[in-house]
Amino acid sequence: MVSGGTVTLDLHGMTCAQAQVAIDAALRRAGRGVYRIEVIHGYHRGSALRDMVRRTYAAHPRVKRLEMGMNLGATELVLREY
C-alpha cells in the first residue's frame, strides 16, 4: 500500500528469505514518489524478521537510514528526505 510517499509492507507469516525477497522487490519498484518503506515485522513471536531487516538493510545502497519509532513491530527504511 502506498500512502503519502510511504509504502507499507507487512511481513507477518513470512520466513526471513521470503521477507527479503518482498523487501527487495519493494525497493526495486519504489519510484521517485516513495520516500519511505514501512516494514511491519512484528515482535511478539520473536525477533528473527526484525533482526534480519535491520542487519540487511542498514547498509543497503538505496536505504539512507533506518528509523525505529514507538511501534516496536515496525522499522522504516528511509530512502530519501521529504
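Which side chain meets Glu76 in a salt bridge? I looked it up: Arg36 does, at 2.6 Å from N to O. I took a salt bridge as a side-chain nitrogen of Lys or Arg within 4 Å of a carboxyl oxygen of Asp or Glu.

**Ground rules.** The model is predicted, so I used local features only at pLDDT of at least 70 and side-chain atom pairs only at pLDDT 80 or more, while totals for chains, interfaces and linings use all residues. Residues are numbered from 1 along each chain as its sequence is written, and side-chain values use heavy atoms, with hydrogens and water left out.

**Entry 1: the Glu76 pair.** I checked where the partners sit. Glu76 lies in strand 5 (residues 74-78) and Arg36 in strand 3 (residues 36-40), so their bridge ties together parts 40 residues apart in sequence. Strands (E, at least two residues) and helices (H or I, at least four) are DSSP runs, numbered from the N terminus. Next I looked up burial. Buried means under 20% relative accessible area, exposed over 50%, and partly exposed in between, with a 1.4 Å probe and protein chains only. Arg36 is buried at 10%. Glu76 is partly exposed at 22%.

**Entry 2: around Arg65.** I found Arg65 in two salt bridges. With Glu67, the closest N and O atoms are 2.7 Å apart. With Glu81, the closest N and O atoms are 2.3 Å apart. The Arg65 and Glu81 pair links distant parts of the chain: Arg65 is in strand 4 (residues 65-67), and Glu81 is in the segment after strand 5, 16 residues away. Salt bridges with shared partners join Arg36, Arg65, Glu67, Glu76 and Glu81 into one network. Glu67 is partly exposed at 27%, Arg65 at 30% and Glu81 at 35%. The structure holds five salt bridges.

**Entry 3: the whole chain.** I counted two helices and five strands. Along the sequence they follow the pattern β-β-α-β-α-β-β. Of the 82 residues, 37% are buried. The C-alpha trace spans about 35 × 25 × 25 Å along its principal axes.

**Entry 4: contacts.** I counted a contact when heavy atoms come within 4.5 Å. Among contacts in the chain with a separation of 6 or more, 66% are between residues 24 or more positions apart.
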